[in-house]
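Here is a short report on one protein chain. Keep the sequence and the model in view as you read.

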Amino acid sequence: MELFHTSPNPIDAINSYGMLGECLCFSSNVYQMAACKVLVYKLEVSEHEIIEARSFFYRDDYKKLDQIVANVMELADCNEEQAQEFLSQNDHHHDAEIDWRIQGYAGEAAKVLGFRACKSQDEQGAVYIVPMYVREADLILIE
């Protein structure tokens, strides 16, 4: 499956200090959310490497996410049940910055569960949250 990420700047290195930690957001269509010219990157991901966020807590191994749930609880100042709702994208935090950070945790959750990406929904439709630390070479610049 081809996924696309747009950026106003070249992506040379990815660290864990961004709004989404080490994750980047991708779409199945080229999109532009900036008023300036953007660079378009393509990433190939097999569909079996993608987990839907809403399925996190229906898996037998969901306890692997305990630390991530604890991180969301601290970030969003909420209880465990609400943190799971935020992480699985069944509910959204009213603070956009916190909600974005939770999307980064969803990408981390996918990685902990052995997946390459997490599929979720946002105001633009389907969004794929992909941990990319030390995977910069997987990004293919197409525009």
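The side chains of His92 and Asp99 form a polar contact at 3.4 Å. A polar contact is a pair of N or O atoms within 3.5 Å; within protein, one atom must be able to donate a hydrogen and the other to accept it, and residues adjacent in sequence count only if both atoms are side-chain atoms. This is a predicted model, where local features need pLDDT of at least 70, side-chain atom pairs count only at pLDDT 80 or more, and totals for chains, interfaces and linings use all residues. Residues are numbered from 1 along each chain as its sequence is written, and side-chain values use heavy atoms, with hydrogens and water left out.

**Around His92**

His92 sits in the loop between α2 and α3. Helices (H or I, at least four residues) and strands (E, at least two) are DSSP runs, numbered from the N terminus. Leaving aside residues up to four places away in sequence, His92 touches Phe86, Asp99 and Gln121. Touching here is contact, meaning heavy atoms within 4.5 Å. His92 and Ile102 are ten residues apart in sequence, and their C-alpha atoms are 8.9 Å apart in space. Is His92 buried, partly exposed or exposed? His92 counts as partly exposed because its relative accessibility is 38%. Buried means under 20% relative accessible area, exposed means over 50%, and partly exposed lies in between (1.4 Å probe, protein chains only).

Arg116 lies in the loop between α3 (96-112) and β5 (117-122). Its relative accessibility is 10%, so Arg116 counts as buried. Its contacts, not counting residues up to four places away in sequence, include Leu43, Glu44, Val45 and Glu49. They also include Val130, Pro131, Met132, Arg135 and Asp138. With Asp138, the contact of Arg116 is also polar, side chain to side chain, at 3.0 Å.

Ser46 belongs to the loop between β3 (39-44) and β4 (50-52). Ser46 is partly exposed, at 27% relative accessibility. Its side chain makes a polar contact with the side chain of His48. Ser46 and Leu139 are 93 residues apart along the chain, and 15 Å separates their C-alpha atoms.

| Residue | Partner | Distance |
|---|---|---|
| His92 | Asp99 | 3.4 Å |
| Arg116 | Asp138 | 3.0 Å |
| Ser46 | His48 | 2.5 Å |

**Positive phi values**

Which residues other than glycine have a positive phi? Asp77 has a phi of about 50 degrees, and Val134 has one near 60 degrees. Asp77 is in the loop between α1 (66-76) and α2 (80-87). Val134 is in the loop between β6 (125-131) and β7 (140-141). Asp77 is exposed, with a relative accessible area of 71%. Val134 is exposed too, at 63% relative accessibility.

**The whole chain**

The chain has three helices and seven strands. From the N terminus on, the order is β-β-β-β-α-α-α-β-β-β. The C-alpha trace spans about 45 × 30 × 25 Å along its principal axes. Of the 143 residues, 41% are buried. Take the contacts with a separation of 6 or more: residues 24 or more positions apart account for 68% of them.
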